[in-house]
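This briefing covers one chain, grouped by topic. The sequence and structure come first, and the points follow.

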Amino acid sequence: MQPEPSILQDINLLKKYDIQVFDYIEYPHKSFWQYGLTDHDFRRALSSIFKDDPIRGITVYLHIPFCEQLCYFCLCHRQITSHYQPIQNYLDRALLPEIDLFGTFFEEHGLRPNVKQIFMGGGSPTIVNQADFDRILAQLGRWIDLAQLDHFYFEIDPRRVTPDQLRFYHSRGVTTLSFGIQDFDPAVQEAINRVQPYEMVANLLSDDIHALFDSINFDLQ
């Protein structure tokens with residue numbers, strides 16, 4: 001028996017599009033990457049950018065690629081873990097050393113980049129404990145005037161944060177919270193493995209919490 005034509009069409013479509021592609025959320029897109037770029041090229045480009053336009057406002061993005069539970073829709077680079085050690089290793093061996101490398105570079109070249117915004121996303125940045133959050137800020141403070149930021153954005157997983165944590169982020173200069181909501185429909189939440197009832201979010205966002213932040217955004221899909 002021959003397959004129905006519609007089935008054959010579906011199979012042909014699968015064969016046509018069943019290829020590895022780059023995440024649409026990445027910028028700059030990997031299709032523009034050039035593997036011939038050397039460390040020297042990168043340093044020279046950094047130096048010229050900040051010397052040619054020292055007052056240009058820039059945004060620094062910090063990626064925390066860890067979550068305690070997988071959301072089925074997620075395309076971000078992330079690792080699911082119930083232990084803090086992988087997070088500690090990432091901070092100690094990757095993120096903090098990289099921040100330090102930038103700080104050393106700027107000091108050696110007499111540069112002070114005009115950082116106007118910080119965005120901390122993931123993953124789930126709320127997975128970082130308070131002591132390590134302070135370590136990150138201390139390291140950034142080498143070459144960023146944290147008191148002069150226009151915005152400090154922070155992604156929030158409402159399932160794993162408390163009002164006291166939100167007050168802590170405010171005390172450290174966070175101005176804008178970005179809540180990962182996706183959908184309030186319980187059936188959709190079950191389907192995407194991200195159950196967080198409306199009441200949970202409403203209880204977090206009391207009037208006193210609202211008053212602390214310039215903006216509170218909901219990520220919806």
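In this predicted model, the largest nonpolar core has 43 residues, and F133 and I136 touch the most other members. Helix α3 (residues 85-108) gives the most to this core, contributing seven residues.

- Residues up to four places away in sequence aside, F133 touches M120, V128, F152, F154, F168, Y169, R172 and V174.
- Two of these partners, F168 and Y169, are also listed among the buried residues of α5.

**Helix α2**

- Helix α2 spans residues 39-52, and its end C-alpha atoms are 20 Å apart.
- That distance agrees with expectation, because 14 residues at 1.5 Å a residue should span 20 Å.
- The buried residues of α2 are L46, S47 and F50.
- Viewed down the axis of α2, these buried residues fall within an arc of 95°, so they line one face of the helix.
- Cover for the buried residues of α2 comes from elements including β1 (58-64) and α3.
- On the face of α2 turned away from the buried side are the exposed residues H40, R44 and D52.
- S47 has a relative accessible area of 10% and therefore counts as buried, the cut-off being under 20%.
- Apart from neighbours within four places in sequence, S47 is in contact with F105, H109 and L111.
- Of these contacts, F105 falls within the residue range 85-108 of α3.

**Helix α5**

- Helix α5 covers residues 163-171, and its buried residues are Q165, L166, F168 and Y169.
- G173 follows α5 and has a positive phi, near 100°.

**H170 in helix α5**

- H170 is placed in α5.
- Its relative accessibility is 32%, so H170 counts as partly exposed, between the cut-offs of 20% and 50%.
- Residues up to four places away in sequence aside, H170 touches L212 and F213.
- A polar atom of the H170 side chain lies 3.0 Å from the backbone oxygen of L212.
- H170 and I181 are eleven residues apart in sequence, and their C-alpha atoms are 20 Å apart in space.

**Y198 in helix α7**

- Y198 belongs to helix α7, which comprises residues 198-204.
- With a relative accessible area of 52%, Y198 is exposed, because the cut-off is over 50%.
- Y198 and A211 are 13 residues apart along the chain, and a distance of 20 Å separates their C-alpha atoms.

**Confidence**

- The chain has a mean pLDDT of 89, and 91% of its residues reach 70 or more.
- Confidence is lowest in helix α1 (residues 5-17), where the mean is 69.
- Confidence is highest in helix α4 (residues 130-140), at 98.
- F133 and I136, the residues that touch the most other members of the largest core, have numbers within the range of α4.

Technical notes: Residues are numbered from 1 along each chain as its sequence is written. This is a predicted model: local features need pLDDT of at least 70, side-chain atom pairs count only at pLDDT 80 or more; totals for chains, interfaces and linings use all residues. Side-chain values use heavy atoms; hydrogens and water are left out. Helices (H or I, at least four residues) and strands (E, at least two) are DSSP runs, numbered from the N terminus. Buried means under 20% relative accessible area, exposed over 50%, partly exposed in between (1.4 Å probe, protein chains only). A nonpolar core is a set of buried Ala, Val, Leu, Ile, Met, Phe, Trp, Tyr and Cys residues joined through side-chain atoms within 4.5 Å. Contact means heavy atoms within 4.5 Å. A polar contact is a pair of N or O atoms within 3.5 Å; within protein, one must be able to donate a hydrogen and the other to accept it, and residues adjacent in sequence count only if both atoms are side-chain atoms. pLDDT is the predictor's confidence in each residue, from 0 to 100. The expected span of a helix is 1.5 Å times one less than its number of residues. The arc is that of the directions from the helix axis to the C-beta atoms.
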